[in-house]
Amino acid sequence: MTGPDTALILIDIQNDFCPGGALAVADGDAVVPVANALIDKFETIVLTQDWHPADHSSFASNHPGKDAFSLIEMPYGPQVLWPPHCIQGSEGAAFHKDLVTDKANLIVRKGFRSAIDSYSAFFENDHETTTGLAGYLKDRGISKLVMTGLATDFCVRFSAVDAAKLGFSVTLAEDGCRAIDLDGSLDAAKAAMREAGVTLTTSGNLTFG
Ligand code: VGL
Ligand code: ZN
């Protein structure tokens, strides 16, 4: 069991990112047993849940003439357009049925404002609007984070990098992650995480101290 200064953050382990989902990540459901095994080792567990209104500006369907996986410029910077996914209250937005969610202390929903996406669990895509998660963790005396989930190159990447920038010690369990991998985005994500000081390892190699 880890100490009270450490939390497990499980990113977006939701139906739409698993095989058969609207934005399926190859082998996405393979992360579920890895996440469940980790849950037993932590006192503090936070789940994130991608949670979009149907008119969300990250959906290609809300930009006539634009294709999914193309890039547009938003007031806050470049944004990939996605197939509609994780619509609030839908089955696609629900956590994978085998994920053990009962032990979660907090569920952080993100991407709920139509005008702005939120990959990171800490800041929306303008990199300024906070979700409040850092305050929650700091108030509880948590300084170390273990992260895993979906997708490595988007929500996991930005959550891990933001957490490291905020001063948390961040370890990524790579076997509990799967990537979308658009145009080299997985390699870019790994480089960005390493650059930010995130430790990349596997769940079997985590050292708890
Ligand atoms: C994600 C794209 C759009 C993710 C969420 O969880 O990585 N990716 N929304
Ligand atoms: Zn999303």
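Author: Helices (H or I, at least four residues) and strands (E, at least two) are DSSP runs, numbered from the N terminus. The model is predicted: local features need pLDDT of at least 70, side-chain atom pairs count only at pLDDT 80 or more, and totals for chains, interfaces and linings use all residues. Residues are numbered from 1 along each chain as its sequence is written, and side-chain values use heavy atoms, with hydrogens and water left out.

Reader: Fine. Where does Asp-183 sit?

Author: Asp-183 is in the loop between strand S7 (169-178) and helix H4 (185-196). Its phi is positive, about 50 degrees, although Asp-183 is not a glycine.

Reader: Is Asp-183 buried or exposed?

Author: Exposed, with a relative accessible area of 83%. The cut-offs: buried is under 20% relative accessible area, exposed is over 50%, and partly exposed is in between (1.4 Å probe, protein chains only).

Reader: What comes around Ala-151?

Author: Ala-151 is in the loop between strand S6 (144-150) and helix H3 (152-165). H3 is largely enclosed by the rest of the structure, because 11 of its 14 residues are buried. Among them are Phe-154, Cys-155 and Val-156.

Reader: What do the buried residues of H3 pack against?

Author: Strand S1 (6-11), S4, S5, S6, S7 and H4. Contact here means heavy atoms within 4.5 Å. After H3 comes Gly-167, with a positive phi near 100 degrees.

Reader: Switching to rings. How many aromatic pairs are there?

Author: Six in the whole structure. Rings of Phe, Tyr and Trp (its six-membered ring) pair if their centres lie within 6.5 Å; planes under 30 degrees apart are stacked, over 60 edge-to-face, the rest tilted. One of the pairs is Trp-82 with Tyr-119, edge-to-face, at 6.4 Å centre to centre and 75 degrees between the planes. Those two are 37 residues apart.

Reader: Is Trp-82 buried or exposed?

Author: Trp-82 is buried, at 2% relative accessibility. Tyr-119 is buried as well, at 9%. Trp-82 also pairs with Phe-154: the centres are 4.9 Å apart and the planes at 85 degrees, so that pair is edge-to-face. It joins the loop between S4 and S5 to helix H3, 72 residues apart.

Reader: Which residues make up the ring cluster?

Author: Phe-69, Trp-82, Tyr-119, Phe-154 and Phe-158, linked by ring pairs.

Reader: Now charges. How many salt bridges?

Author: Seven. The rule is a side-chain nitrogen of Lys or Arg within 4 Å of a carboxyl oxygen of Asp or Glu. Lys-110 bridges to Asp-12 at 2.9 Å, N to O. Lys-110 is in strand S5, and Asp-12 is in the loop between S1 and helix H1 (31-39), 98 residues apart.

Reader: What else does Lys-110 bridge to?

Author: Asp-50, at 3.0 Å, N to O. Asp-50 lies in strand S2 (residues 44-50), so this pair ties together parts 60 residues apart in sequence. Asp-12, Asp-50 and Lys-110 are linked in a network.

Reader: Are those three buried or exposed?

Author: Buried: Lys-110 is at 1% relative accessibility, Asp-12 at 0%, and Asp-50 is buried too.

Notes: Chains lettered and ligands numbered in written order.
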